[in-house]
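Please work through each task before reading its solution.

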Amino acid sequence: MLAALPLPHPFASRSGDAVLRRATEADADAVIALLADDPISAARGDVASDEDRPAYERGLREILADPSNDLLVIELDGAVVGTLQLTSIPGMARRGARRLLVEAVRVRSDLRSSGIGSAVMQWVGDAAAPALGAAMVQLTSDAARTDAHRFYERLGYVGSHRGFKYTVPQR
C-alpha cells in the first residue's frame with residue numbers, strides 16, 4: 001500500500017459525484033468484473049471465472065501488502081465503476097528519479113467518456129505523483145487500444161517509447 005497517497009479523493013464527473021479510494025479485499029468481485037468487461041483483457045483470460053478467483057484474491061492481497069504498490073477503485077453511487085494499479089519505482093536513470101507506474105486502468109464500459117478516467121488520471125499527475133516524490137508518471141497501453149492512446153495523449157502523455165513483453169512459459 002502506498003501510504004502517502006492522498007485518499008480518499010472525491011471528484012465530480014458527468015455521471016455524478018465519485019470517490020477514488022484504496023481497494024479492499026471486499027472489492028475483489030468488482031475489480032474482476034471490470035477486467036472481464038474489457039474485450040482485450042477478456043481475450044487474455046480475464047473472464048471472471050470462479051476457478052480464477054483465488055488467483056485474483058492472492059494478487060489483490062499481495063498488492064495491498066506491498067509498500068510500493070496500491071490498487072485503487074472508483075465508486076459512483078455506491079458501486080465500484082473503475083480501477084487502476086499504481087507502483088512507485090525508485091530508479092538510477094534521470095539522476096535517481098522515482099517513477100509512478102500506472103497499470104490496468106479500467107472504467108466500466110457504460111461510463112467511458114463520462115470524465116471519470118480523465119479526473120482520475122489528472123489526480124495521478126497532480127496529487128499522487130507529487131505525494132510519492134515521483135518525477136514522472138508512466139504507463140503502457142496495448143497497441144490495439146487506439147482509443148486509449150488518444151485519451152492519454154489528450155491528457156498530455158507522450159508516446160515516447162516502444163514497450164516489449166515476454167510471457168514466461170507456465171510449466
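On a 1 Å grid over the protein atoms alone, a cavity is a set of points where a 1.4 Å probe fits but cannot get out; lining residues have an atom within 4 Å of a point. Grid points are joined across faces, edges and corners, and a volume is the space filled by probe spheres set on the points.

The model is predicted: local features need pLDDT of at least 70, side-chain atom pairs count only at pLDDT 80 or more, and totals for chains, interfaces and linings use all residues. Residues are numbered from 1 along each chain as its sequence is written, and side-chain values use heavy atoms, with hydrogens and water left out.

**Exercise 1.** Determine the volume of the largest cavity and its lining.

*Solution.* Step 1: the largest cavity holds about 30 Å³ of space. Step 2: its lining consists of I74, T83, L84, V105, R106, V107, G117 and V120.

**Exercise 2.** Identify the buried residues of helix 1 (buried: under 20% relative accessible area, 1.4 Å probe, protein chains only) and their arrangement.

*Solution.* Step 1: within helix 1 (residues 28-36), A28, V31, I32, L34 and L35 are buried. Step 2: viewed down the helix axis, these residues fall within an arc of 160° (taken from the directions from the axis to the C-beta atoms), so they line one face of helix 1. Step 3: their packing partners include helix 2 (39-43) and helix 3 (53-65), contact meaning heavy atoms within 4.5 Å.

Terms used
Buried means under 20% relative accessible area, exposed over 50%, partly exposed in between (1.4 Å probe, protein chains only). Helices (H or I, at least four residues) and strands (E, at least two) are DSSP runs, numbered from the N terminus. On a 1 Å grid over the protein atoms alone, a cavity is a set of points where a 1.4 Å probe fits but cannot get out, and a pocket is an open set with protein on both sides within 12 Å along at least five of seven lines; lining residues have an atom within 4 Å of a point.
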